[in-house]
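The following paragraphs lead the reader through one protein chain, element by element. Please keep the sequence and the structure in view while reading.

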Amino acid sequence: MAQLHLRGMALGEVQAVLFDKDGTLSISEPQLLTLAKARVFLCLEQVEVALRPPLQDLLERAYGLTNNGQGLCPAGTTAVASRDHNLISTATALAQVGLGWPDALAISESVFAEADQRDARRAQHQGSRPTKGAPSAASSTSAPTPGLVPLLEQLQAKNVRCAVISNDDIAGIEHFLAHHQLASYFSGLWSAEHRPRKPDPAAVHGLCAELKVAVEHCVLIGDANSDLRMAVAAGIPHQRALGYTAAWSSPPPLAEPHPLIHHWEELTVLGE
């Protein structure tokens, strides 16, 4: 069985590596920032002018927008939570400025549908056009984190299986992998459409069952404390729940003493 080392420290025998997507496999901050700003813009258009300032403040705080909407907190809902959790937080903000819950939920669903039209991965499938006046979406999917492909090649050469465990949907995961010619390195995925989804530890068990690997012989790599807690609760040894720090302009606030990865070159694969 292959051995994984982090900066020379042996992490033990490994059968599989489970990667988070946004903020780990991908530099997703620019795309997520654009998406959050589009959702704010579209929400503000749906309410009377007097409600816009308090609603903007609530939405920006809920989404984790910082620096007057020019930055994104890596621990905020846009960065970490699933689409439907973001939708509920949007409806809650609308309710807080005085809308009834049915209207708040209906507006949120409409806004998210319009914002999705600006998402490149969905626009390609739906043939949708940008919403006039809303922030422009990036023309392609987020870039892979630097040094990722050489690590994936090492893992593949040593027969270590790789999979994605993400709160993105299947379309988003598959589009990212296909766009960057990464699909051949991955043997499985677990998305927001799977049940249970992360951060439920049973999501790890479900993915490991699909991969036919033992949980205790897996490594999980993510950029959020919820990823690391999930891994340990699922039975992955503490030293193999690894925090990735390099995909955000502000490093994510990851809990110690989980080992941290600052560049993929810090991982090496030995054995077999």
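**From a helix to the sheet and its rings**

Helix α2, residues 52–63, consists of 12 residues, and the distance from its first C-alpha to its last is 16 Å, close to the 16 Å expected at 1.5 Å a residue. Which residues of α2 are buried? They are Leu55, Leu58, Leu59, Glu60 and Tyr63. The elements that cover these buried residues include the helices α1 (29–45), α3 (77–80), α4 (83–96) and α5 (101–116), together with the strands β5 (65–66) and β6 (71–72). After α2 comes glycine 64, which has a positive phi, near 85°.

Since the model is predicted, the confidence assigned to its parts deserves attention. The average pLDDT of the chain is 90, and 91% of the residues score at least 70. Among the elements of the chain, strand β3 has the highest mean pLDDT, 98, whereas helix α6 (residues 120–126) has the lowest, 48. Over residues 124–132 the pLDDT is below 50, and this stretch has 11 contacts in the model beyond near neighbours in sequence.

The discussion now turns to the sheet. An open sheet is formed by six strands in the order β9-β8-β3-β10-β11-β12, and their pairing is parallel. At its edges are β9 (188–190) and β12 (260–261), each of which pairs on one side only.

Four bridges connect β3 with β8, and the two strands run parallel; here alanine 16 is opposite arginine 161 of β8. Four bridges also connect β3 with β10, again in a parallel arrangement, and phenylalanine 19 is opposite isoleucine 221 of β10. Isoleucine 221 in turn has leucine 242 in β11 as its bridge partner. Strands β10 (residues 218–222) and β11 (residues 241–244) run parallel and are joined by three bridges.

What covers the strands can also be considered. Both faces of β3 are covered: Ala16 and Leu18 are buried on one side, and Val17 and Phe19 are buried on the other. Helix α7 (residues 148–157) lies across β3 (16–19) and β8 (161–165), and the helix runs at about 150° to β3.

The aromatic rings provide a further view of the structure. How many aromatic pairs does the structure hold? There are three. One of them is formed by phenylalanine 19 and tryptophan 264; this pair is edge-to-face, with 5.7 Å from centre to centre and 70° between the planes. The pair links distant parts of the chain, since phenylalanine 19 belongs to strand β3 and tryptophan 264 to the loop between β12 and β13 (267–270), 245 residues apart. Phenylalanine 19 and tryptophan 264 are both buried.

Why is the pair of tyrosine 244 and tryptophan 264 stacked? The ring centres of tyrosine 244 and tryptophan 264 are 4.3 Å apart and their planes are at 15°, so the pair is stacked; the angle limit for this class is under 30 degrees. This pair, too, links distant parts of the chain: tyrosine 244 is in strand β11 and tryptophan 264 is in the loop between β12 and β13, 20 residues apart. Tyrosine 244 counts as buried because its relative accessibility is 1%, and the cut-off is under 20%. Tryptophan 264 is buried as well, with a relative accessible area of 1%. Taken together, ring pairs link Phe19, Phe186, Tyr244 and Trp264 into a cluster.

Terms used
Residues are numbered from 1 along each chain as its sequence is written. This is a predicted model: local features need pLDDT of at least 70, side-chain atom pairs count only at pLDDT 80 or more; totals for chains, interfaces and linings use all residues. Side-chain values use heavy atoms; hydrogens and water are left out. The expected span of a helix is 1.5 Å times one less than its number of residues. Buried means under 20% relative accessible area, exposed over 50%, partly exposed in between (1.4 Å probe, protein chains only). Contact means heavy atoms within 4.5 Å. Two strands pair if DSSP finds at least two bridges between them. Axes are lines fitted to C-alpha atoms, for helices over the stretch in contact, and angles run from 0 to 180 degrees between N-to-C directions. pLDDT is the predictor's confidence in each residue, from 0 to 100. Rings of Phe, Tyr and Trp (its six-membered ring) pair if their centres lie within 6.5 Å; planes under 30 degrees apart count as stacked, over 60 as edge-to-face and the rest as tilted.
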